Amino acid sequence: MSAELIEGRTTAAAEGEVVVFLIGMRINNFRALRSWWPVLKAMPRMLKELSREKERGLLGFRVHLGMPRVFEVTQYWESREQLIAYASAQDGEHRPAWAAFNQRVRAGKNKVGFFHETYAVPAGGYESVYVNMPAFGLGEATEVVPVGRRGETAKDRLAYRAS
């Protein structure tokens, strides 16, 4: 997250569909380090790869620590097709991490949990406002613009269409 405070009211500069992908893990048994530590270590490798290879479609992400058990990443993607392509790509970090995770789950007998949720949000289905905040969330992933460019109210921003 950028530490630079942006005074006043801003909104995300996103255009068109936005795909929001939530992914995370839950440590069900802290002593089963071999079950959850490799899972926890895999995510930074994937995020570095996606940040380096912009053409894969990741717009931005934010890590959330639901201490002590839950680790979650909110990701913003250009399209659902790019998210699915990355998940199935033979040349990326995801496939080997997913295979290793599945082996650990089978061997670990529920010592680590995993979740993901995907939301494909059409244009007009999202809005945002940030007041006296650094770039954050969707605004950090896409840039922020003054609220007036998209509408002063949530209703106006939901109705906004790029011209």
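A: Strands (E, at least two residues) and helices (H or I, at least four) are DSSP runs, numbered from the N terminus, and two strands pair if DSSP finds at least two bridges between them. Here, T11 has V145 in β7 as its bridge partner. A word on the model: it is predicted, so local features need pLDDT of at least 70 and side-chain atom pairs count only at pLDDT 80 or more, while totals for chains, interfaces and linings use all residues. Residues are numbered from 1 along each chain as its sequence is written, and side-chain values use heavy atoms, with hydrogens and water left out.

Q: How many bridges join β1 to β7, and in what order do the strands of the sheet lie?

A: In general, strands of a sheet pair through backbone hydrogen bonds, either parallel or antiparallel. In this model, β1 and β7 run antiparallel and are joined by three bridges. The open sheet has three strands, in the order β6-β1-β7, with antiparallel pairing. β6 (130-133) and β7 are at the edges with a single partner strand each, so one side of each has no neighbour in the sheet.

Q: Where does R149 lie, and is it buried or exposed?

A: Buried means under 20% relative accessible area, exposed over 50%, and partly exposed in between (1.4 Å probe, protein chains only). R149 sits in the loop between β7 (144-146) and α5. Its relative accessible area is 59%, so R149 is exposed. R149 and R9 are 140 residues apart in sequence, yet 11 Å apart in space, C-alpha to C-alpha.

Q: What volume does the largest pocket have, and which residues lie nearest its centre?

A: On a 1 Å grid over the protein atoms alone, a pocket is an open set of points where a 1.4 Å probe fits, with protein on both sides within 12 Å along at least five of seven lines; lining residues have an atom within 4 Å of a point. Grid points are joined across faces, edges and corners, and a volume is the space filled by probe spheres set on the points. The largest pocket has about 610 Å³. Its lining has 31 residues, with I23, M43, M46, H94 and F114 nearest the centre. The largest share, eight residues, comes from α1.

Q: What about the second largest pocket?

A: That one holds about 170 Å³. It is lined by 17 residues, and A14, Y126, R150, R157 and Y160 are the closest to its centre. β1 (6-12) and α5 (154-159) each supply at least two residues of this lining.
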